[in-house]
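Walk through this structure with me, one piece at a time. Keep the view open and find each residue as it is named.

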Number of protein chains: 2
Amino acid sequence: MLIQSLVYPGFTTLDLIGALQPLAQIPGTKTEIVARVPGANPTDSGAAIMADVTFENAASAPDVILVPGGGTPTIDTLEDEATIEFLAKQGESAKWIVAVCTGSLLLGKAGLLKGYKAASHWSVIDTLEAFGATPVHERVVIDRNRCTGGGVTAGVDIGLTIAGELAGEDIAKLIELVLEYNPAPPFGTGHPSIADPTTLEIARTRAQSTMQPDRIRQIASA
Amino acid sequence: MLIQSLVYPGFTTLDLIGALQPLAQIPGTKTEIVARVPGANPTDSGAAIMADVTFENAASAPDVILVPGGGTPTIDTLEDEATIEFLAKQGESAKWIVAVCTGSLLLGKAGLLKGYKAASHWSVIDTLEAFGATPVHERVVIDRNRCTGGGVTAGVDIGLTIAGELAGEDIAKLIELVLEYNPAPPFGTGHPSIADPTTLEIARTRAQSTMQPDRIRQIASA
């Protein structure tokens, strides 16, 4: 079982690790971190993550290709041809194509969501239409072998769900217990549907400049 | 604002990143990853994390010293004198001393939990008594400037809680929304109190060999 993860400069660390941790707990799993540039890839939490391989020597036909999202650096990466070509190529042979948060936009640009239901971070989910996908406002969305979901922390739910698909529900239940996934959000503001109006207004304004939905739509149609 | 994180070979990646991600979202924050050994530190998800500095040149008096846990590698690290001495020293000047999962055992060995209420992964929480701490079976436990909590995914709750302490509740509410922390555990087995008996029995048996509670108690009294 091979879990292959894409990394790129400035992505959101928790997008990757939230999903990778439960998948890596599956007995007998190997992981491979792939980047365009070898060595340490900086991320938005300050923790740089090492690439094991580059696009040239990455394994084909992984059981999972896992794509994290992020803020502006992810939108910038939509215009990185080498990365988009790599995803399109891996998409032909990977058993599961999985993205967390705005990672789904990268899948979209690679043509992997055309005609598929998909999700993304709440601030940009509607831009998925520009890539030919049907936005679904759920935390984990599976359509055939594509799995996408909500923002950042949704990676944990996505990773556990795909662990269940790959290794069976009994193993996934065990991993959920080992990871003590019994969450208790301290503020209760983790989604537009439950956040207070002031918090939501600030977050929406900020997302306009970091996520740049108009730019995403332009890139989709370029 | 400086968030300083300890890394060591084989720790649980999500312990660190779950807590670091919300803390790193606080405006104006700097992060510093510290290790005994320079360079890439392997972790249990396969994603190696780069150390920025070693114990010799780590900043003193950080706003947070953050300590991730893990399985057997964390128990092994309880016997690594250089790491324990570093934690004891940072504990004298750090504003907040924060541990996720079995990271609290490392704080305990460094003498930082004597007379404090504390938590840990469900499988070893009772061993905290051997370090002079009072185990509290809650997901996030604050006692004066110590913050500890449950296993792995509790890092997100811990990180958001400390973000609220450091930057105020309005900022922490915003971070919770940006991270879309509206969790939906797929299997509902994330704690011994809710897991089915079969899953719990397998997890308990496995924890006996990976976490080695008897060895932890011996190390505590050594």
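Leu6(B) stands opposite Val34(B), a residue of strand S2 of chain B. Remember that this model is predicted. Leu6(B) belongs to strand S1, residues 2-6 of chain B. S1(B) runs parallel to S2(B), which covers residues 30-35, and five bridges join the two. What holds such neighbours together? Strands of a sheet pair through backbone hydrogen bonds, and the pairing can be parallel or antiparallel.

Now look at the sides of S1(B). Leu2(B), Gln4(B) and Leu6(B) point one way. Ile3(B) and Ser5(B) point the other way. Is the strand covered or open to the outside? S1(B) is mostly covered, for five of its five residues are buried.

Turn to chain A. Chain A has eight helices and 11 strands. Seven of the strands form an open sheet with mixed pairing. Their order is S5-S2-S1-S6-S7-S11-S10. Which strands sit at the edges? They are S5 (53-54) and S10 (140-143) of chain A, and each pairs on one side only. Follow S10(A) to its partner. S10(A) pairs with S11(A), residues 146-149, in the antiparallel sense over four bridges. Within this pair, Val140(A) has Gly149(A) in S11(A) as its bridge partner.

Next come two loops. Ala61(A) lies in the loop between S5 and S6 (64-67) of chain A. Its phi is positive, about 55°, although Ala61(A) is not a glycine. Val152(A) sits in the loop between S11 and helix H5 (154-167) of chain A. Val152(A) also is not a glycine, and its phi is positive, near 40°. Are these residues buried or exposed? Ala61(A) has a relative accessible area of 47%, so it counts as partly exposed. Val152(A) has 5% relative accessibility, so it counts as buried.

Finally, step back to chain A as a whole. Its C-alpha atoms fill a box of roughly 45 × 40 × 35 Å along the principal axes. How does its radius of gyration fit a compact globule? For 222 residues, such a globule would have a value near 17 Å; chain A has 16 Å, which agrees. Buried residues make up 64% of the 222 residues. Take the contacts in chain A with a separation of 6 or more: residues 24 or more positions apart account for 66% of them.

Terms used: Residues numbered from 1 in each chain as written. Chains lettered and ligands numbered in written order. Predicted model: local features only at pLDDT ≥ 70, side-chain atom pairs only at ≥ 80, totals over all residues. Heavy atoms only, no water. Rg over C-alpha atoms; globule rule 2.2 N^0.38 Å. Buried < 20%, exposed > 50% of the residue type's maximum accessible area, 1.4 Å probe, protein only. Contact = heavy atoms within 4.5 Å. Pairing = 2+ DSSP bridges.
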